[in-house]
Amino acid sequence: IDDELVTSNPCKGVTHFREKRREYVPSKAELQRFYQALRKDHDRGAATMVELLLCCGGRRGEALQAKWKEFDLEKGIWTVPSEHIKNGERQNTTIKRKLSPVAVAIMCEWEPNVDKRKGFVFPSPKDPEKPRHDIKAFWNRVRRRSGLTDYRTHDLRHTFASLALESGYSLSQIGAELGHRSTKTTQRYAHRDLENMDSPAAGVANLLTT
């Protein structure tokens, strides 16, 4: 329409496909199996990325594009710029994530393995001048070994939110970490799985150190 190629939207009136949300949050035992498989895998870059996301609730794309200048490991802060955030540039927003001591230790352990002059936290294994493209092969390998075949990378955010809720944090606090502008978005994580309701859900940092 803007280019004057058509006079009206050809999709007007088309019924939207009704999507069914798939949110899978593993039990504590499943998560421990997953973490064990994660730690044993040879791809340390991908493993570090997933550990980071599990610790702070970040998005895969934010980590793939991350640069060292975004991290202040002394203060334990990851400042995600708007260009790496979903709808971030349109909304002119950034995210400041407070990293737990465990997350800081994970990043400090990874730091010597990377040429920081190249900039990227998780550079491509083939070309360190470029960011890593994806972690599909690693992810499929780890979830197969741990038996979590339905676990998706985006479910790491669900896991973080669910553990944070179980630990007593508010929706507004969790939403700030996830980068949600409204608690309504975070609200969909506020479900209690009957299987896990009576079991103590440790925080992610505690989980990673047990």
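**Overall picture**

Of the 210 residues in this protein, 43% count as buried, where buried means under 20% relative accessible area, exposed means over 50%, and partly exposed is in between, with a 1.4 Å probe and protein chains only. This is a predicted model, so local features need pLDDT of at least 70 and side-chain atom pairs count only at pLDDT 80 or more, while totals for chains, interfaces and linings use all residues. Residues are numbered from 1 along each chain as its sequence is written, and side-chain values use heavy atoms, with hydrogens and water left out.

The secondary structure comes to 10 helices and three strands. Helices here are DSSP runs of H or I with at least four residues, strands are runs of E with at least two, and both are numbered from the N terminus. Reading from the N terminus, the order is α-α-α-β-β-α-β-α-α-α-α-α-α. As for contacts, meaning heavy atoms within 4.5 Å: among those between residues at least 6 apart in sequence, 61% join residues at least 24 apart.

**Two helix pairs**

Two packed helices are described by the angle between their axes and the distance between the axes. Axes are lines fitted to C-alpha atoms, for helices over the stretch in contact, and the angles run from 0 to 180 degrees between N-to-C directions.

Take H2, residues 44-56, and H5, residues 101-110: their axes come within 10 Å and cross at roughly 165°. H2 and H5 are therefore roughly antiparallel to each other. The classes are these: under 35 degrees is roughly parallel, over 145 roughly antiparallel, 65 to 115 roughly perpendicular, and the rest oblique. The H2 and H5 crossing is left-handed, that is, the near helix is turned anticlockwise from the far one by less than a right angle, with clockwise giving right-handed.

Which residues in H2 and H5 meet? On the H2 side they are Arg-44, Gly-45, Thr-48, Glu-51, Leu-52 and Cys-55, and on the H5 side Val-102, Ala-103, Ile-106, Met-107 and Trp-110. The residues of this contact divide into seven nonpolar, two polar and two charged. Nonpolar covers Ala, Val, Leu, Ile, Met, Phe, Trp, Tyr, Cys and Pro; charged covers Asp, Glu, Lys and Arg; the others, Gly among them, count as polar.

The second pair is H1 and H6, which pack at about 130° with their axes 8 Å apart. That angle makes H1 oblique to H6, and the crossing of H1 and H6 is right-handed. From H1, Arg-33, Phe-34, Ala-37 and Leu-38 meet Phe-138, Trp-139, Val-142, Arg-145 and Ser-146 of H6. The residues of the contact of H1 with H6 divide into six nonpolar, one polar and two charged.

Staying with H6, its buried residues are Phe-138, Trp-139, Arg-141, Val-142, Arg-143 and Ser-146. After H6 comes Gly-147, with a positive phi near 85°.

Now Glu-62, in helix H3, residues 60-64. Is Glu-62 buried or exposed? Glu-62 is buried, at a relative accessible area of 1%. Its side chain makes a polar contact with the side chain of Arg-97 at 2.8 Å, and also reaches the backbone nitrogen of Arg-59 at 3.1 Å. A polar contact is a pair of N or O atoms within 3.5 Å; within protein, one must be able to donate a hydrogen and the other to accept it, and residues adjacent in sequence count only if both atoms are side-chain atoms.

Asp-155 sits in helix H7, residues 155-166, and is buried with a relative accessible area of 1%. The side chain of Asp-155 has a polar contact with the side chain of Arg-152, at 2.9 Å. Asp-155 and Pro-26 are 129 residues apart along the chain, yet their C-alpha atoms are separated by 9.1 Å.

**Remaining residues**

Leu-54 lies in H2 and counts as buried at 1% relative accessibility. Leu-54 is 103 residues from Arg-157 in sequence and 7.0 Å from it in space, C-alpha to C-alpha.

Ser-124 is in the loop between H5 and H6 and counts as buried, at 16% relative accessibility. Leaving aside neighbours within four places in sequence, Ser-124 is in contact with Lys-130, Pro-131 and Arg-132.

Last, Glu-4, in the segment before H1. Glu-4 is exposed, with a relative accessible area of 71%, and has a positive phi near 60° in a residue other than glycine.
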